[in-house]
Amino acid sequence: MDEITLLQDHKICCFGEVLLRFALKDSWVSDSTIPYYIGGAELNVATALALWGIPVNYLTTLPDNYIGKDISNQIKQRGINTDKVFYSGNRLGVYYLPYGTEVKNNGVVYDRDFSSFSQLTPGMIDWDKVFEDCIWFHFSAISPALNKNIALICKEAVTAASAKGITISVDLNYRNKLWKYGELPDVIMPDLVRNCNVIMGNIWAVESLLGISAPLSNSKNVSNSELKEAALISIERIQKKYEKVYAIALTYRLEESYFGVLQKENAFFTSNIFENITVTDSVGSGDCFMAGLIYGIYNNLPFQDIINFAAAAAVCKLAEPGDATKQSVEQIKRILNDAR
């Protein structure tokens, strides 16, 4: 695939569900207080991009009540265009997660059934209108995990975007607790990824969502060079199966370190390896990496700079509370310089 030239006056379109996260602490019952954050994978990406000066639209459905309107206003205050947001239903998606743990942890509890977003049906969204000012469409594997209708809507989106020559990116974030509607992820996701140009994930998510075997069962007692080689093998397998792929980035977050790898055509790039990382809140670090990847490609940065920036952005997010980053480009670059 030819390198994509992106126009700065065109927007990224991020599609997904707004989620309210209740970050439970040990004393939440006795204290009668729960910290909460407004996020969701695709909104976290949109928030980072807007913060970094990239024009971005956010497409979602919010409850048709004051809660939905208040949240929409808050999203707009982040510098995100909310003209594509529409209102139906009366429920906001919610999840509960003990503070400091991961979404993939068994402690996560979802309350997303019958939310406004989950009640979307095929044909409700006018994709021609959505894409009239967009040159890039981003979604994640979380949305098609919700139910069959959302999976079909994602298929509508990637089909329409591909027909218009719009760049399509996907975050292969696997959430086992969400795939409960009778369809296996490695049956649904390959059909969606077939039209994608930019893929982000890790070797184990690639196996769970695309059915492409991971070269390693886990990262325990595995050297960085072996991890890099495993990533290269997974990337080669993805390339053989998905001919429209333009770039593939895979990440490793280990106990005390973090790094990413990136493939462009036949070239392979590895980020700085960040050691002794600080983890304050793990939620949203992958979203921040995805945003960094989009930011770099959008700005036509050298690919070594792209993977370095994306990995540094993720490391910065790990040290922040909340779902979305508040780190500027300059702050991320300082972290990157310190790692060299």
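Contact here means heavy atoms within 4.5 Å. The model shown in every view is predicted.

**Figure 1. Surroundings of W52 in the largest nonpolar core.** W52 touches C288, A291, G292, Y295, F309, A313, T325, Q327, S328, V329 and I332, with residues up to four places away in sequence not counted. The largest nonpolar core comprises 59 residues, and W52 is among those with the most contacts inside it, together with I12, V18, F289 and L293. Helix α10 (residues 303–318) makes the greatest contribution to this core, supplying 12 residues. In soluble globular proteins, nonpolar side chains tend to be buried together.

**Figure 2. Helix α10, its length and its burial.** The 16 residues of α10 should span 22 Å at 1.5 Å a residue, and the computed separation of the end C-alpha atoms, 23 Å, agrees with this expectation. The helix is mostly covered, as 14 of its 16 residues are buried.

**Figure 3. Pairing of strand β7 with strands β2 and β8.** Strand β7 (residues 93–98) pairs with strand β2 (residues 19–24) in the parallel sense, over six bridges. Within this pairing, Y95 of β7 stands opposite R21. Strand β7 also runs antiparallel to strand β8 (residues 109–111), to which three bridges join it. Here V94 stands opposite D111 of β8.

Figure 4. N57 is found in strand β4, which covers residues 56–59. Its relative accessible area is 0%, so N57 is buried. The side chains of N57 and N81 are joined by a polar contact of 2.5 Å. Apart from neighbours within four places in sequence, N57 is in contact with K11, I12, C13, C14, I80, N81, K84, D133 and C134. I12, listed among these contacts of N57, is also one of the residues with the most contacts inside the largest nonpolar core.

**Figure 5. The aromatic pair of W204 and Y252.** The structure holds 17 aromatic pairs. In the pair shown, the ring centres of W204 and Y252 are 6.0 Å apart and the planes lie at 80°, so the arrangement is edge-to-face. W204 belongs to helix α7 (residues 203–210) and Y252 to strand β12 (residues 247–253), so the pair ties together parts that are 48 residues apart in sequence. The two partners are classed separately by accessibility: W204 is partly exposed, with a relative accessible area of 25%, whereas Y252 counts as buried, at 1%.

**Figure 6. The aromatic pair of Y246 and F303.** Y246 and F303 form an edge-to-face pair, with 6.1 Å from centre to centre and 70° between the planes. Distant parts of the chain are linked by this pair: Y246 lies in the loop between α8 (224–241) and β12, F303 lies in helix α10, and the two are 57 residues apart. Y246 counts as buried at 3% relative accessibility, and F303 is buried with a relative accessible area of 9%.

**Figure 7. A cluster of aromatic rings.** Ring pairs link F15, F117, W127, F131, F137 and F139 into a cluster.

**Figure 8. T47 and its contacts.** T47 is found in helix α2, which covers residues 41–51. At 8% relative accessibility, T47 counts as buried. With neighbours within four places in sequence left aside, T47 is in contact with R78, I80, A324 and T325. I80 is also in contact with N57, and T325 is touched by W52 as well.

**Figure 9. N173 in the loop between β10 and α6.** N173 is found in the loop that lies between β10 (167–171) and α6 (185–193). Its relative accessible area is 8%, so N173 is buried. The side chain of N173 reaches the backbone nitrogen of A141 at 3.2 Å. Not counting residues up to four places away in sequence, N173 touches A41, S140, A141, I142, L209 and D287. For scale, N173 and W28 are 145 residues apart in sequence, and their C-alpha atoms are 28 Å apart in space.

Key: Residues are numbered from 1 along each chain as its sequence is written. Side-chain values use heavy atoms; hydrogens and water are left out. A nonpolar core is a set of buried Ala, Val, Leu, Ile, Met, Phe, Trp, Tyr and Cys residues joined through side-chain atoms within 4.5 Å. Buried means under 20% relative accessible area, exposed over 50%, partly exposed in between (1.4 Å probe, protein chains only). Helices (H or I, at least four residues) and strands (E, at least two) are DSSP runs, numbered from the N terminus. Two strands pair if DSSP finds at least two bridges between them. The expected span of a helix is 1.5 Å times one less than its number of residues. A polar contact is a pair of N or O atoms within 3.5 Å; within protein, one must be able to donate a hydrogen and the other to accept it, and residues adjacent in sequence count only if both atoms are side-chain atoms. Rings of Phe, Tyr and Trp (its six-membered ring) pair if their centres lie within 6.5 Å; planes under 30 degrees apart count as stacked, over 60 as edge-to-face and the rest as tilted.
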